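Hi everyone, thanks for coming.

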Amino acid sequence: RQANSPSKLDWGDGRMRKSRFLLFSMLTLGALAWIGVRFQAEAQEKSAKKPATKGFSAKDVAFFNDDVRPILERHCFKCHGGEPKIRGELRLTSRAGILKGGESGAAVSLKDPAKSLLIDAVNFGDFEMPPSGKLPADQIATLTEWIKRGLPWKPGYAPKVSATNSTEPPEVNAKTKAFWSFQTVQRPRVPAVKNQAWVTNPVDAFLLEKLEQAGLKPNGPATKAQLVRRAYYDLTGLPPSPAEVADFLADKSPDAYAKVVDRLLDSPRYGEKWARHWLDLVRYAETNSYERDGPKPFAWRYRDYVIRAFNNDKPYDKFLIEQLAGDEIEAATPESLIATGYYRLGIWDDEPVGPPQALYDDLDDIITTTSQVMLGLTINCCRCHDHKLDPLPQRDYYRFLAFFSGYKRFGVRGYNTIVQNSLRPIASPALQKKHAAEVAAYDRKVRDTAAKLKVIENIVRKDFIPVEKQEFRSERNQRALVKKRVPKVISQKQYNEFERLFAQRDSLRRNKPAALEMALCITEVGSKARDTHILIRGSAHAKGDKVEPGFPSVLDFPDPTMPQPKPGAKTAGRRTVLANWFADRKNPLTSRVMANRIWQYHFGRGIVRSANNFGFQGTPPTHPQLLDWLAADLMDNGWKLKRLHKLIMLSSAYRMASTDNPAAAKKDPENNLFWRFDMRRLTAEEVRDSILAVNGSLNRDKMYGPSIYPIIPREVLQGQSRPGAGWGRSSPEDLARRSIYIHIKRSLVVP
């Protein structure tokens, strides 16, 4: 406004006047356009509330029902119709919903069909729908024609889309908590069946019930020769010798087969075979991966721990507790410390771009393995967002991570940091005390010898010319240079003392005190764990809310109480709380998952085929009651695995023949009902070990200890960044050992 004319607008002059007038005009037109759009939207909304379906011809309705509806149901309703949430607030399951539109406005323009957002989206214009890929041209043409016809709809058609088809993450509620694998394990009643003669134990009754319901009969028994071979490979990974087969065939006693099973379970070969299964599950390897792929010192001790655990029939609950928290349990033993090598089996980046992110990558590896192997849950899928398939919110991931939040990385960079972070002596306290005294005495002797040598060296050094001072730096020249000063600078007696001390120094260097036995173990940052925050999109640099340790909320356990660390404690004690929860018989997953794995390795597939995934998208159990009966039996009998092996292997189901039955194969081609025993291929380890066993060269006697290095062709060795690096040579005796003892190098897989 001008100072002397408050009611008059000052538009300036010249180009300024033009630009300001143009701005005013644009704002005015924009406002009018907005008003127009608003009126149009309100008009469409009103029309949407009254779907005009009466005016469509029977031909148009048939066109919708036969041609359009299949496209919508197959490609659209999953995202734009599921309850309770829909994408972009656009619901395509009714004509009114399509006309109303979503966040981007009306999906269809009846006045100008070509400008419809739906047509733009399926043609991959400004929008690209469906996100799984562009529709075929004929389907796009069908949708275009449908809109041109005025969006005909079948009267009364209102599809119901299940919540499970929604692309929104499932919520934790009463419905999702009721999922079969989240229920506490209860031992079910053993079913009554018609063919009681076939039932050897409850395993058979559960299987036969479903076979009889389907009108199928189980296969007859395998031959004795087939059965003994099956049992040997399943329990030991080795073939029976001709003499062992002959003995079994000649034994006509009713318990002949049971005696074979008992003998194989007692064999040390059993642990060597079944340890392989566990090591594969927990990503066991003896190197760190990446370019250098450096060794993990003493990793083989963990392998030996697993073999011994299976051979000694260590209860499965204790087996898990020792791996998760063996360093925290009362009166930790060398064995329980070695078990925590579990945390050191994964890859390790010794030159991370971002150390904080590398820490959380390490923790994610632990969470992935722990949750899938021990719980059958893919908790790792909600590191960056809520789980898309299971009721596992992102918050649950970080609450689970908080149990491990004291974790110290494998190392920082050099080998000395690996020693500091990951190696611990496993000798008894008395031996450690004795060893410390020996080391102290040795160090005193080394210092004393060096001091006495220094006295003589200082005397003769004064007589050196410059070049001799340089030469004296090399120990191989020192004796000659000192002797040259006898008797002018030092006496013969002094020189003799120098020789004695010189020899003593060499002897001390060659005869250092034997190192204490060490093991690869977990260590923590101290008795106070790091704070744990939800990391937005999984970024270590984007911290969200702070969280405390907790279990997956869908399992409905109360929040745990964290222990108060004792004075001088080296860990926060959180992992013990988690380990005890795994071993709690109220935990619905631990026993089910392991019982399923035992079944899987005997029958070639689990009762739940997706053995690592007991979630919503996992394969449902073919025999849920049998699985629960086995899981309950495992817990009720002290978590002993050998007993479960024997129970399964003495069943008629396990002893069935693998022969085909065309009628059964037609009804149940995938053998979901177990009407026959599925054949399986031998593993690579079984093939190699069998060759060594058959030709008589297998070294069965040497168990445990450092790994062996089979001969690898030069061409294969060239595949590393440093060809052949880190691949040792083994003696002929070691080369004949079982495959379980082969060194596992991540960048050099044995062919």
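Let's begin with Asp 362, which is buried, its relative accessible area being 10%. Do keep in mind as we go that this is a predicted model. Asp 362 sits in helix α15, which covers residues 355-375. And what does Asp 362 touch, leaving aside residues up to four places away in sequence? The answer is Ile 347, Trp 348, Tyr 407 and Arg 409.

Next, please find Pro 191, in the loop between α6 (174-177) and α7 (202-213). Although Pro 191 is in a loop, Pro 191 is buried, with a relative accessible area of 6%. Again not counting residues up to four places away in sequence, Pro 191 touches Ala 205, Phe 206 and Glu 209. Pro 202 is 11 residues from Pro 191 along the chain, and 8.3 Å separates their C-alpha atoms.

My last stop is a helix pair: α20, residues 475-483, and α21, residues 492-510. Their axes come within 10 Å and cross at roughly 165°. An angle over 145 degrees counts as roughly antiparallel, and α20 and α21 are therefore roughly antiparallel to each other. The crossing of α20 and α21 is left-handed.

Who meets whom here? From α20 we have Glu 475, Gln 478, Arg 479, Val 482 and Lys 483, and they meet Tyr 495, Phe 498, Glu 499, Phe 502, Arg 505 and Arg 509 in α21. By type, the residues of this contact of α20 with α21 are 4 nonpolar, 1 polar and 6 charged.

That's my tour, and I'm happy to go back to any of these spots.

Terms used:
Residues numbered from 1 in each chain as written. Predicted model: local features only at pLDDT ≥ 70, side-chain atom pairs only at ≥ 80, totals over all residues. Heavy atoms only, no water. Axes fitted to C-alpha atoms, helices over the stretch in contact; angles between N-to-C directions. Helix = DSSP H or I, 4+ residues; strand = E, 2+ residues; numbered from the N terminus. Parallel < 35°, antiparallel > 145°, perpendicular 65-115°, else oblique. Left-handed = near helix turned anticlockwise from the far one by under 90°. Contact = heavy atoms within 4.5 Å. Nonpolar A, V, L, I, M, F, W, Y, C, P; charged D, E, K, R; others polar. Buried < 20%, exposed > 50% of the residue type's maximum accessible area, 1.4 Å probe, protein only.
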